[in-house]
Amino acid sequence: MNSNPEATTNGRAPKALPFSSLINNSGFMDRLFHGFTAFMAFMILLLAVMTAATLFIAAQPSIHVSGWSFLTSSDWDPVKGIFGCVPFVYGTLVSSLIALIIATPLGLGISLFLTELAPMKLRDPVAFVVEILAAIPSVVYGLWGIFLLAPFMRVHVDPLLIKFGNSTVVGLAALTVAILTVAILNSLELSEKIRALRPIEGYLYWGVGIVLGLILIGPFQHLITTYPLFKGPSTGLSLFTAGVILSIMILPTITAISREVFEAVPNSQRESARALGATSWETIQLAVMKPSKVGILGALMLALGRALGETMAVTMVIGNNPQVVSNLLGASHSMASVIANEFSEAVSDIHIAALAEIGLLLMVITFVLNIVANLLVWVTTSKYQR
Amino acid sequence: MVFLCGAASFVAMIPLVSLLLYVLLQGFKRLDWVFLTHLPTPVGVDGGGMGNAILGTITLIIIASMVGLPIGVFAGVYLSEYGKKNIFAWWVRFTADVLSGVPSIVTGIVAYTLIVKTTHHFSALAGGVALGFMMIPIVSRTTEELVKLVPHSIREASWALGVPRWRTILSIVIRTAKNGILTGILLSIARIAGETAPLLFTSFNNQFWAKGINEPTASLTVQVFTYAISPFQDWHDQAWSGALALLILVLTINLSAKVFFKNPRQLLR
């Protein structure tokens, strides 16, 4: 027991007493309550085990019949009993990737706005708007998607994508190659070893990069003509539309967690940057974003996990075509949406088992992603709380 | 750069405003008392409604709460009261976080295998249990966060007066944290009220009033989905009204959660 009852450690709450020394902790009711709540907590573990086990057992018939070919085949033929999961994994991954590409800059921009840049009066309304986005049920997004977003994409966005999308992607790919070459050459630090290079270093690297990019435009162009990314005609119900709707749905996740991560950076970091003369944007770059990289990665992984499992909105706008298509404006399918569509209508037991196997695959992927993501976010936010 | 970030916030608002406006305008056309209380009629016949769907959603929420709340709240109490340095508690917390990220359709498959396959028919019970499974991780985490916020001095004062530990937790700690716990419960209810995927093959759908929890039941979300993908204009209109009713339900619950606790979103991810 503390000799001085007022003593605290560094202004935080006093350390907890050893409970075994309390007389009022060992009665029958105390032990019963402890056991009861512990049992309830154990039920959570049981739930996780039960989820995994049930899925595994439900998928057994299909695992037995299809074996490893389930993971490599792209045939999905319930009538003949041939099942392969590749089209759905492809659709899920591509739509989630598109969603991440769209939502990451937006989400980071909004969370920076909310934590660093916005005047106090604007913070609450914007935060409120983002919260409401998170609260809207998925089926309402799907409804909006079918009747508003899909026609909008079909009429306004897709024609532009068909005309300019392919060449833009080729150009961006060439630019990425150029930037990557410059970065790699820079990291080699050749000017340390060869003095003569120093005055022309920048120009040389960029020259090499641009030449390499230009050379590669030809092959990229050929690649994209064989597997066009944007090909008409489009109905608006496509992989791309699914990606857009998913991006709206994962935006709140990215914003909320990035906010947590940015707010965990202590003010002293920002103040030091300012004291050294950094501008607003430089402060953000140096003091806020640099230490938060790991946490933001965690946020992106959690958002990816959410996008992978999103069912209803995707089902309603993805077009339900169980094939691997390179055309982003073509209909596709995703793991969750094939289960939603076919489960209640599946006639044969093997069909249901195959759908359960897809569910098992989905569960494993989201489990792994969530575990890694939670660890990343925990590592970052706890770094400053010691 | 400030402009870009501000523009990002603005861009985020466009789909939201478009969605809310459209649901409001389109849904309002057919949202009336007949819609809220009558059964669906065949296509083309007037006077159809979603009464059974609304009742179904309420039934499912009640069943889910009966499954999810006791486990969730008491697990949260265990984690915050008895589980500070415990390895068992660490595993439970970790599992709860991972479980909250599992897609809802996977929970639906679990409930299907456990209940629908064994009883050989779709039922509201199966749907409610699936939703309850989803509630458990959310409620336990929010309860834990909130009970941790109760100052330790309150507990110590109670012990000093000779109150047994279990009584302290029940009557004093939980009572102090009850606003926050209620908020967590309301947020989880709002979340499951909007769930469709697990219900598609557990509670299925029903054109009539469900006569018990062992029968399949309509729910607002599944009904909106069914009508939305149908080819009938009348059903599309009803889908918008159903979506409006659903949105009002979910947003009301979310906003009332804010009444009890200032910053509820920091409890959920």
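**Helices across the chains**

Reply: Helix α4(A) passes α1(B) in a left-handed crossing (left-handed if the near helix is turned anticlockwise from the far one by less than a right angle, right-handed if clockwise). Keep in mind that this is a predicted model, where local features need pLDDT of at least 70, side-chain atom pairs count only at pLDDT 80 or more, and totals for chains, interfaces and linings use all residues. Residues are numbered from 1 along each chain as its sequence is written, while chains are lettered from A and ligands numbered from 1 in the order in which they are written.

Me: Which residues make the contact between α4(A) and α1(B)?
Reply: From α4(A) you have Val126(A), Val129(A), Val130(A), Ile132(A) and Leu133(A), and from α1(B) there are Ser9(B), Ala12(B), Met13(B) and Leu16(B). Two residues are in contact if their C-beta atoms, placed from the backbone, lie within 7 Å. By class, that contact has 8 nonpolar, 1 polar and no charged residues (Ala, Val, Leu, Ile, Met, Phe, Trp, Tyr, Cys and Pro are nonpolar, Asp, Glu, Lys and Arg charged, and the others, Gly among them, polar).

Me: And at what angle do the axes of those two cross?
Reply: Helix α4 (residues 120-135) of chain A and helix α1 (residues 2-28) of chain B cross at roughly 45 degrees, with axes that come within 10 Å. Axes here are lines fitted to C-alpha atoms, for helices over the stretch in contact, and angles run from 0 to 180 degrees between N-to-C directions. The two are therefore oblique to each other (under 35 degrees is roughly parallel, over 145 roughly antiparallel, 65 to 115 roughly perpendicular, and the rest oblique).

Me: Zooming out, how many residues of chain A are in contact with chain B?
Reply: 76 residues of chain A are in contact with 72 residues of chain B. Helix α1 (residues 28-66) of chain A gives the most to chain A's side, with 19 residues. That side divides into 54 nonpolar, 20 polar and 2 charged residues.

Me: What about α3(A) and α8(A), left-handed or right-handed?
Reply: Their crossing is right-handed. The axes of α3 (residues 86-117) and α8 (residues 239-264) of chain A come within 5 Å and cross at roughly 40 degrees, which makes α3(A) oblique to α8(A). The contact residues divide into 18 nonpolar, 11 polar and 2 charged.

Me: Switching to chain B: how many helices and strands?
Reply: Chain B comes to 10 helices and 0 strands. These are DSSP runs, numbered from the N terminus: helices are H or I with at least four residues, strands E with at least two. Buried residues make up 57% of its 269 residues (buried means 20 or more other C-beta atoms within 10 Å of a residue's own, exposed 12 or fewer, partly exposed in between, with C-beta atoms placed from the backbone).

Me: Which residues of α4(B) are buried?
Reply: Ala89(B), Val92(B), Arg93(B), Ala96(B), Asp97(B), Val98(B) and Leu99(B).

Me: Which phi does Phe204(B) have?
Reply: A positive one, about 55 degrees, although Phe204(B) is not a glycine. Most residues other than glycine have a negative phi. Phe204(B) is in the loop between α8 (165-193) and α9 (220-228) of chain B, and is buried, with 21 other C-beta atoms within 10 Å.

Me: Where does Asn320(A) sit?
Reply: In the loop between α11 (312-317) and α12 (335-342) of chain A. Asn320(A) has a positive phi of about 55 degrees without being a glycine, and is buried, with 20 other C-beta atoms within 10 Å.
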